[in-house]
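Here is a short tour of some helix packing and of a chain-to-chain interface. Have the viewer open and follow along.

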Protein chains: 2
Amino acid sequence: MFTLAIHGGAGTLSPSEMTPEKEAAYRRGLEDALQAGLAVLSGNGSALDAVEKAVNSLEDNELFNAGRGAALTSDGRQEMDASIMCGRTGKAGAVAGVKNVRNPITLSRLVMEKTDYIFLLGDGAEEFAREQQLPFEPDAYYITEFRKEELRKAQQKPAGVGKGTVGAVALDRHGNLAAATSTGGTTNKRYGRVGDSPIIGAGTYADNRIGAISCTGDGEYFIRLVAAYDVACLMDYKGLSLAEACRTVIFDKLKPLGGEGGLIAVDPAGNAELVYHSEGMYRGWADERGRKEVAIFDR
Amino acid sequence: MFTLAIHGGAGTLSPSEMTPEKEAAYRRGLEDALQAGLAVLSGNGSALDAVEKAVNSLEDNELFNAGRGAALTSDGRQEMDASIMCGRTGKAGAVAGVKNVRNPITLSRLVMEKTDYIFLLGDGAEEFAREQQLPFEPDAYYITEFRKEELRKAQQKPAGVGKGTVGAVALDRHGNLAAATSTGGTTNKRYGRVGDSPIIGAGTYADNRIGAISCTGDGEYFIRLVAAYDVACLMDYKGLSLAEACRTVIFDKLKPLGGEGGLIAVDPAGNAELVYHSEGMYRGWADERGRKEVAIFDR
């Protein structure tokens, strides 16, 4: 049995901005990412490989705010954050404020596997990426017309308009869980701002006994709530089901604070939850029984 | 009623390195920090002010690994991390990879109070510190003979030898809690490495309903354990006492992983816990009833 869930961010284009062509392109992007993860899982691969490949696909797709197409900071740069956690070992890797690295989630995984550290920042993370011979891309690769236009719009309004994050969670046939999250942050953010995506416990968490969780949305609220680990604690210490725990964090904790966002999660039984409090969330899930779905707005 | 607890780091000098003169100096540093926090609390000040002032005192003291006297990276630089959380509002602020800012904990507090963000990195955090007109110090202020010698020794051994963090937790007379943590990281760390200290949930957490927690030790383990928030969840969701929750995290979770470190915590009833699994922990606590204690090794 395996299960995979992905998100391409809460805080989508509004229904009025979403043309049929754009919607088809987003759905195709989600399908591609699901397919990349499913190929791993159906070949008896690991949850860790599956979430990395699914996130790589979203990072390489300029429609989503991670890797190519990352949101621009207030001074027109990209700065990317990512984290990954292995539910089998409890090990984790994360990077923040990295530029020009093609796939920040792969860099996070190498931090987890090749160093004694978990979290590397900026220049130090980029230096490590070069040592590991990861591909780098020039600024022009990341900075799309869409994000430039979004920045122009955002600069006429308060900061933090454009947002979005990508992520994946998986259970593999070996009973192992993993979670991964990658982002370009919020459009027009202050240079140096980091949200929940690279923070183990806030944006990403995985434990084989409990579940794997990846969050998206107003990062500052997810940090304050320690949202990903809170889902796990509500299950482990309070006995809530995966669905109850996810809904508690999003509707009883995030929503009253005035925050928007969502999360995806899987548990060791293969249940998947995709819960959000926002106009929409780019998302998809699939399992070994052949069920597969992608969605953007409410079903 | 008020209570204050502080730490100057788990992972002290070993008893054999600790001369009577050094021990007296460390104890005086802890006394000074306690006094700085107690002056706030006894004057009806806030827990937030108390933890900031106590940590400022430790940051300004070159004996402790935060602010002046911060541990050096593998290329001989200092890079500091800090975070603070207010139990009344649930708001938080954090900085990582900052250089030359005299008091990183004060910068974290300004991030919390003057921005819509929680977490600022490196150059962006320093730019914000300049806007806020915080004092900066030249490299020579931070780089002490002790830390240079420690770096020389560490470079003959695997990374991460020197460590230490400072922190404070407080309950004030108004029933508000706060937690603060500040560090220079580990000696000979790779440039860009960040531990648990600036991570809300891992190194620092506060909630008026539950408790305030500040951690110190092998940061990577504290990140994986989401240690500070785990103490809170064990109390809130599982009904453990402050003492039980702190001991569970340090002895049942950290120790089996092979990690060393400790934490300090206070709860809304004014109980204080200072728990560690390491050779010693620079620490102190005091309350309104006039009880006051500083210690380094086991009592």
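## Helix pairs and the chain interface

In this predicted model, helix α8(B) touches helix α9(B) through A227(B), D230(B), V231(B), L234(B) and M235(B), which meet L242(B), A245(B), C246(B), T248(B), V249(B) and K253(B). Sorted by class, this contact has eight nonpolar, one polar and two charged residues. The two axes come within 8 Å and cross at roughly 135°, so α8(B) and α9(B) are oblique to each other. Their crossing is right-handed.

Now for a second pair in chain B. Helices α1(B) and α2(B) pack at an angle of about 155°; an angle over 145° counts as roughly antiparallel, and α1(B) and α2(B) are therefore described that way. Here, too, the crossing is right-handed. From α1(B) the contact draws on residues including G29(B), A33(B), A36(B) and L41(B), and from α2(B) on A47(B), A50(B), K53(B) and L58(B), among others. This contact of α1(B) with α2(B) has nine nonpolar, three polar and three charged residues.

| Helix pair | Residue ranges | Axis angle | Axis separation |
|---|---|---|---|
| α8(B) and α9(B) | 227-236 and 242-257 | roughly 135° | within 8 Å |
| α1(B) and α2(B) | 20-42 and 47-60 | about 155° | 8 Å |

On to the interface between the chains. How much area is buried between chain B and chain A? The figure is about 3600 Å², with carbon and sulfur atoms giving 63% of it. Of the area that chain B buries against chain A, R190(B), R224(B) and Y237(B) supply 22%, more than any other three residues. In residue terms, 41 residues of chain B contact 41 residues of chain A. Zero salt bridges are found across this interface.

Note on methods: Residues numbered from 1 in each chain as written. Chains lettered and ligands numbered in written order. Predicted model: local features only at pLDDT ≥ 70, side-chain atom pairs only at ≥ 80, totals over all residues. Heavy atoms only, no water. Axes fitted to C-alpha atoms, helices over the stretch in contact; angles between N-to-C directions. Helix = DSSP H or I, 4+ residues; strand = E, 2+ residues; numbered from the N terminus. Parallel < 35°, antiparallel > 145°, perpendicular 65-115°, else oblique. Left-handed = near helix turned anticlockwise from the far one by under 90°. Contact = heavy atoms within 4.5 Å. Nonpolar A, V, L, I, M, F, W, Y, C, P; charged D, E, K, R; others polar. Buried area = accessible area lost by both parts, 1.4 Å probe. Salt bridge = Lys/Arg side-chain N within 4 Å of Asp/Glu carboxyl O.
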